[in-house]
Amino acid sequence: MSWPQAIGRRLARHHLLTAAPAERLVEVAGDVCGVHAQMGVSSELMLGARVSGISRHDVRAALWERRTLVKTVGVRGTLHLFPAGEVPTWMAANRLRFEAEERRRGRTGIDLARFFAVVDAISDAVGPEPISVPELERELEGRVGGWAVAKNEGWVGSYRNWPLALGWAAALGRVCYGPGQGGRTTFVRLADWSAWREEDPFESGLFVLRRFLRAYGPSTPAEFARWFSLEPPLTRRLFGELEPELVEVDVEGDRRLLLRADADAAEPAAEAAHLLPHFDVFTVGSHPRSQLILPGTPVAQVAPGTAAPLPVVLVGGRVAGVWERRPKGRRLLVRIDAHQPVTRRQRSSLTEQAERAAGVLELEGEVEFGPVPLRFHL
């Protein structure tokens, strides 16, 4: 298999070559291993790029009205949108990291007794009705004292202690995000909000590995461990258990793995051009980085390890520029900066996608091509 074929396979599995119909919105979120949701608007644009005929209203309706999507702490401790029926499985798989996480937190000086007291306090404080952050903080301070809401200085600003325990409580199935109230974040008890069931963490880890290999394969154990933030011994156990289902492929001399049932022929997508938002899951999960971001390109010079904090232009599934969006009343100005020559067809495709992004945000699109600064979103 060539790298263009491998990348074309990933684009297809991410529904970026042919958008899925609107009724498959929730299924698409599962196909890509959850939708990154640190930035709400990016999650809407990610789904809009993969599902035809939807807007942010449809994403929000799935989250807050039908509850077929759930927003919670997912892969690597970051916010994700998952299909409601899959949340117990993803949360069980996240518990594979508990032992290593407990050791890491102890080494960094966190008071583990207080930490677990906050986990329990979060579990007790949330319920079927949404609770806002100020309300939750008052509850936590009243239950476990000031440590829960104490501030610490980090490299991108200050943070409180209680959010460190939120992901742990989420992995136990005790909490998820609720509907925003006037722009304010809220939390609810997951069992009250959507379906919950206890699942075995290792079996759930196998589910996640199968999903990962379908969305990001052909891949390697090291790449999966990095993506899922899993220690090597557990990664080896998962791959060992799955070995009968795997097939090794040679990608230009690089030995990689695919699911045997998913090893059909792949076609390159050299002409495909895409606009992906900040922290798009394709950008986050694609490895090796040297194939996603070719050495010597402008993005490689400023972001050799990852292009995730940038909204990127893809050509042939590789980073080939950046773009930006700026609202102007009821219009959205989209500027596209391709760092390499694009064909007339690719330019037309990028223009259509910019207009589509505006439609997802329920605005009228205004598209231009020109320089865009390489600014990272932290």
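This is a predicted model: local features need pLDDT of at least 70, side-chain atom pairs count only at pLDDT 80 or more; totals for chains, interfaces and linings use all residues.
How many bridges join E4 to strand E8 (residues 184-188)? Two bridges do, and the paired strands run antiparallel.

**The three-stranded sheet**

E4 and E8 belong to an open sheet of three strands, arranged in the order E4-E8-E7 with antiparallel pairing. Strand E4 (131-132) and strand E7 (176-181) sit at the edges, each pairing on one side only. If you look across from isoleucine 131, you will find phenylalanine 187 of E8 standing opposite.

**The nonpolar cores**

Phenylalanine 187 also turns up in the largest nonpolar core, which has 77 residues. Phe187 is among those with the most contacts inside this core, together with Leu47, Trp90, Phe224, Trp227 and Phe228. Helix H11 gives the most to this core, with eight residues. A second, separate core has 24 residues, including Ile7, Leu258, Val319 and Val372. In soluble globular proteins, nonpolar side chains tend to be buried together.

Now follow H11 (residues 201-216) to where it meets helix H5 (residues 87-94). Their axes come within 7 Å and cross at roughly 110 degrees, so H5 and H11 are roughly perpendicular to each other. On the H5 side the contact is made by Thr89, Trp90, Ala92 and Ala93, while H11 brings Pro201, Ser204, Gly205, Phe207 and Val208. Sorted by class, this contact has six nonpolar residues, three polar ones and no charged ones.

Helix H12 (residues 221-228) is worth a look too. Its buried residues are Glu223, Phe224, Ala225, Trp227 and Phe228. They pack against H5, H11, helix H13 (232-242), strand E10 (254-259) and helix H14 (281-285). After H12 comes serine 229, with a positive phi near 55 degrees.

**The five-stranded sheet**

Another open sheet has five strands in the order E11-E12-E13-E14-E15, and its pairing is mixed. Its edge strands are strand E11 (273-276) and strand E15 (364-369), each pairing on one side only. From one strand to the next, the twist averages 25 degrees. Helix H17 (residues 344-360) lies across E11, E12, strand E14 (331-338) and E15, and runs at about 30 degrees to E11.

| Strand pair | Bridges | Direction |
|---|---|---|
| E4 and E8 | two bridges | antiparallel |
| E11 and E12 (residues 312-315) | four bridges | antiparallel |

**A closer look at valine 299**

Glycine 142 is another story: it is 157 residues from valine 299 along the chain, and their C-alpha atoms are separated by 48 Å.

Notes: Residues are numbered from 1 along each chain as its sequence is written. Side-chain values use heavy atoms; hydrogens and water are left out. Axes are lines fitted to C-alpha atoms, for helices over the stretch in contact, and angles run from 0 to 180 degrees between N-to-C directions. Angles under 35 degrees count as roughly parallel, over 145 as roughly antiparallel, 65 to 115 as roughly perpendicular and the rest as oblique. Contact means heavy atoms within 4.5 Å. Ala, Val, Leu, Ile, Met, Phe, Trp, Tyr, Cys and Pro count as nonpolar, Asp, Glu, Lys and Arg as charged, and the others, Gly among them, as polar. Two strands pair if DSSP finds at least two bridges between them. Buried means under 20% relative accessible area, exposed over 50%, partly exposed in between (1.4 Å probe, protein chains only). A nonpolar core is a set of buried Ala, Val, Leu, Ile, Met, Phe, Trp, Tyr and Cys residues joined through side-chain atoms within 4.5 Å.
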